[in-house]
Amino acid sequence: TFSKNCRAYGFNSDMLNNVGISLVPMLREQGGLQSLLEPTRDVVARLDHEAWTGSLALILAEVGLLDEATAMVEDVVIGAPERLGGDVVISFARAMYSEVAATIGHRAAAEVLLDLMSDDGVASASVGPYSYYGAMDRYRGLLLAVLDRHDEAVAMQRRAITYAERMYSR
């Protein structure tokens, strides 16, 4: 199992981040996030890293554990936004927390995340050349919608579509 393999490799953070960044979005599309819930909790308990906490928050929201997802958003996004600073996986973590903030309608988190992403110059949620999760404008648009800034949200989503078309990722 995933947890067993993580233990065997000593919870190496680089290895785990790459696995989490690959598995979470893929299993989400396949409807299999429930299978990652406990292994991800296990990893987060040992390796408190934004890519994993963001992934866990997303899994919790997707499987309907909204109170736990909300607590994670409040802990990281509201309580320690500096954790969403400069790391190679930070656009991924911000994207995951943006999805959760939109799912739970967390206005304060949407404001913090939007502020963090407003002038960071990051165009896509990606980890180097290895993974691509879409235009950051998509996530900005989700956050704007939470804040009832619908015209801006639609414009941002249109920018995301244009970006995706340029990336051939639509």
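**Salt bridges between the helices**

E68 is partly exposed, with a relative accessible area of 33% (buried means under 20%, exposed over 50%, and partly exposed in between, using a 1.4 Å probe and protein chains only). Keep in mind that this is a predicted model, where local features need pLDDT of at least 70, side-chain atom pairs count only at pLDDT 80 or more, and totals for chains, interfaces and linings use all residues. Residues are numbered from 1 along each chain as its sequence is written, and side-chain values use heavy atoms, with hydrogens and water left out.

Side chains of opposite charge can pair when their charged atoms come close. A salt bridge here is a side-chain nitrogen of Lys or Arg within 4 Å of a carboxyl oxygen of Asp or Glu, and that rule gives a count of 9.

One of them joins R41 to E68, with 2.7 Å between the closest N and O atoms. R41 sits in helix α3 (residues 34-46) and E68 in helix α5 (residues 66-78), so this pair ties together parts 27 residues apart in sequence. Helices are DSSP runs of H or I, at least four residues, numbered from the N terminus.

Now look at R28, which is partly exposed at 24%. R28 meets E99 in a salt bridge, 2.9 Å between the closest N and O atoms. E99 itself is buried, at 7% relative accessible area.

R28 also forms a salt bridge with E62 (2.9 Å, N to O). E62 belongs to helix α4 (residues 50-62) and R28 to helix α2, so parts 34 residues apart in sequence are tied together.

Notes:
Helix = DSSP H or I, 4+ residues; strand = E, 2+ residues; numbered from the N terminus.
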